[in-house]
Amino acid sequence: MKKRIFSSILATSMIMTSLAGLSVSAEENPYAAYEGTTISVAALESAYGSEMWTQVCEAFTAETGIEVELTTDKNLEDVIGPSMQGGEYPDVIHLATGRESALTEQFIKGNMIAEITDVLSMTVPGEEVTVADKIAGGFTDTALTNPYGDGSTYLAPMFYSPCGLFYNKGLLEEKGWEVPATWDEMWELGDKALEEEIYLFTYPTTGYFDAFFYALMYSVGGPEFFNKATNYEEGIWDTEEAQTCFDIVAKLATYTNPITPAQANDQDFTQNQQLVLDNKAIFMPNGTWIVGEMADAPRADGFEWGMTALPAVEAGGDGYSYTWFEQAWIPAGAENQDAAKLFLSFLYSDTACGIFAQSGAIQPVLGIADKLEGDNVMFYSIYDNGAKAAMGNFAAFEAIPGVEIRPIFFDPVNSLVEGTITEQEWIDGIKAASDQMRANLK
């Protein structure tokens, strides 16, 4: 009897010890529930390269034990599109809106993106703060992350870039030209430059007019006009503010290097950027990634990157620089959504931010500007030098055959430059499409 009692006590003790061990193990490894999990991550290989993604995925695995199957490609849509049509989705996708294929927009309109509001309250892996504590103010309060206007977050804000007009500071210093503070001064500079066979303007592709046009709307009519316009308010395109925006873009088209439209595509866009490096155009809309993208390109003697906000409409008015940022998201059909959310939270860790920053990809986290150097100090301090920040985009609407933002609002700029459509024809197209967009708002 004593032997059986002793054996029972011993067994109970062993069980308790085992359970205690499990408790300690759970505390020491908060990711134990994900043991054996492998997630798939698909990330666009942009100007920042793909090596940073490899390093971040390895760091995530080292921190959590979750394995990552990584796919990167410059034409990511072509790689992941076919399998997604067959119902196989990556767990995490890094692909921004505004791309020519509009894949992310298609997922937004189809309500095929998982809500990630809860990610904001998650503790960053390896740290003691939440994701919301790390992300800079305003980045999770825009239509770029909350596309349905319901207070919920669906897309995580990623690499951000103050956008503006990039130029060769060396050229302006050599010619004794000032950076225009108003659009009237811009036209005066354009006339001076043309006398020396230098065009005032170029653009990589018409897709770059999103950030340009958003900043322009802010500078012309402020946040109130911007919000009305981006929600397609009835009659908004008949206002004085709207006409001013249209007039500026149409006039700028006449100052644009005429070779631009032929090269304004995803294959040849760097040739348009090269126009600025060769002093064949002064300004182009772009983001801070341009430095890395053109790092190995030839350039004129004395070339030095410069960046300015869009000019004010009137003297003493506000100049605006749009803050463009990329997005990462989880398809609603993803298999490992909990682990995918953990991966998203890790992207804001000091470890991940440091890896990204080494490649020039800057995460929208508090205090990041203090850690930058070189040209990035100038770029990311633009808001400290008088420019105001513009943020947001056009509101999402239900899918309408043949109706997308870029083809309606921005692609016609090519035709304006070529002279194959009139300003009024462009405006009429916007009005007609806006009526449909407004009627189909999500």
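What covers the buried residues of helix H7 includes strand E5 (164-168), strand E6 (199-201), helix H8 (209-230), helix H9 (240-254) and strand E7 (281-286), where buried means under 20% relative accessible area and exposed over 50%, with partly exposed in between, for a 1.4 Å probe and protein chains only. This is a predicted model, in which local features need pLDDT of at least 70 and side-chain atom pairs count only at pLDDT 80 or more, while totals for chains, interfaces and linings use all residues. Residues are numbered from 1 along each chain as its sequence is written, and side-chain values use heavy atoms, with hydrogens and water left out. Helices (H or I, at least four residues) and strands (E, at least two) are DSSP runs, numbered from the N terminus.

The buried residues of H7 are Trp183, Met186, Trp187, Leu189, Gly190 and Ala193. Seen down the axis of H7, these buried residues fall within an arc of 160 degrees, so they line one face of the helix, the arc being that of the directions from the helix axis to the C-beta atoms. The face of H7 turned away from that buried side carries the exposed residues Asp184 and Glu195. After H7 comes Glu197, whose phi is positive, near 60 degrees.

Let me turn to helix H2 (residues 51-64), in which Phe60 is found. Phe60 is buried, with a relative accessible area of 0%, and, leaving aside its neighbours within four places in sequence, Phe60 is in contact (heavy atoms within 4.5 Å) with Ile39, Gly65, Ile66, Val68, Ala339, Leu342, Phe343 and Phe346. The C-alpha atoms of Phe60 and Pro125, which are 65 residues apart along the chain, are separated by 8.4 Å.
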